[in-house]
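Please have the sequence and model open as you read.

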Amino acid sequence: MDVIKVAQALPDKQCLTDPLPTWLLKINMGLLAAFLCQLFNWSLEHGVVPSSMEVAYITPTVKNANMDPTDPKSYRRISNLSVVSKLLERLVCHQLVTYLKMTSLLPGVQSAFREHHSTETAVLKVTSDILLALDSGNLALLTLLGLSAAFDSVDHATLIQRLQNYQKSYGLGDVALKRITSYLSGLIRYVRTSVTTSKPSAVLQGSVPGPILFVLYTADVLQLVKDHGLLPHAYADNADSWGMSSFRDR
């Protein structure tokens, strides 16, 4: 039932590697669900992600018609994964987020990449903290840190180490950790244009688990800020830009 429900919620888009259009897959889910469940359960039980489900093509698209097409910064990277891959990873992400919520392991001051945590909630929280400090007669000092191309900055070895650390971080089981390691080690991205294809690279950008894994990767930064007596709040204004605000009241 979960497979059919998540599949029906997918947008009608497909990747170049998909054997059939998404709309056709969706209307035949009644026939394909049993096979997909068996495939997905095998992946979860053995902690292995099939290599064919880890390949995506990135199509560079100019963000705005008025921007310079010769400047690489003018382009937005649109990553196209296969529909079956996105379906599996959405189910995995749902299980991971459910576990993190039940164990209260998600940082409470991280907006974006999470349900009910948007840039609006970030602005409201920071504004509220500042106003409360001023109402108390204190002086508030705000510090901002911005990070572009955020997902490209993730060190996969450090991320895996954090995920397996029971004492300080998330303590994922052996099979779950093995599967995430398999996924991260096999992520392949190609940049395609009308005439050429780039060399492969491994990044979180464009992957379905990328946002939640990035939240877990940066959680220690928030704790570090708290340890120095500051009040932090992290946010993201798009799929690959991360920032953090902190302030001290005196």
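Arg 179 and Glu 89 form a salt bridge, with their closest N and O atoms 2.9 Å apart. A salt bridge here is a side-chain nitrogen of Lys or Arg within 4 Å of a carboxyl oxygen of Asp or Glu. Arg 179 sits in helix α7 (residues 174–186) and Glu 89 in helix α4 (residues 83–102), so the pair ties together parts that are 90 residues apart in sequence. Helices (H or I, at least four residues) are DSSP runs, numbered from the N terminus.

Arg 179 is buried, at 5% relative accessibility. Glu 89 is buried too, at 2%. Buried means under 20% relative accessible area, exposed over 50%, and partly exposed in between (1.4 Å probe, protein chains only).

## Model and conventions

This is a predicted model: local features need pLDDT of at least 70, side-chain atom pairs count only at pLDDT 80 or more, and totals for chains, interfaces and linings use all residues. Residues are numbered from 1 along each chain as its sequence is written, and side-chain values use heavy atoms, with hydrogens and water left out.

## The other salt bridges

How many salt bridges does the structure hold? It holds three. Side chains of opposite charge can pair when their charged atoms come close.

Asp 12 and Lys 26 meet through their side chains at 3.0 Å, N to O. This pair links distant parts of the chain, 14 residues apart. Asp 12 is in the loop between α1 (2–8) and α2 (22–27), while Lys 26 is in helix α2. Asp 12 is exposed, with a relative accessible area of 52%. Lys 26 is buried, at 13% relative accessibility.

Asp 129 forms a salt bridge with Lys 125; the closest N and O atoms are 2.6 Å apart. Both residues lie in helix α5 (residues 119–135), four residues apart, about one turn of the helix. An α-helix has 3.6 residues a turn, so residues three or four places apart point the same way. Asp 129 counts as buried at 16% relative accessibility. Lys 125 counts as partly exposed at 33%.

Which residues of helix α6 (residues 156–164) are buried? They are Leu 159, Ile 160, Arg 162 and Leu 163. These residues cover an arc of only 160 degrees around the axis, which puts them on the same side of α6. The arc is that of the directions from the helix axis to the C-beta atoms.

The face of α6 turned away from its buried side carries the exposed residues Ala 157 and Gln 161.

Technical notes: Helix = DSSP H or I, 4+ residues; strand = E, 2+ residues; numbered from the N terminus.
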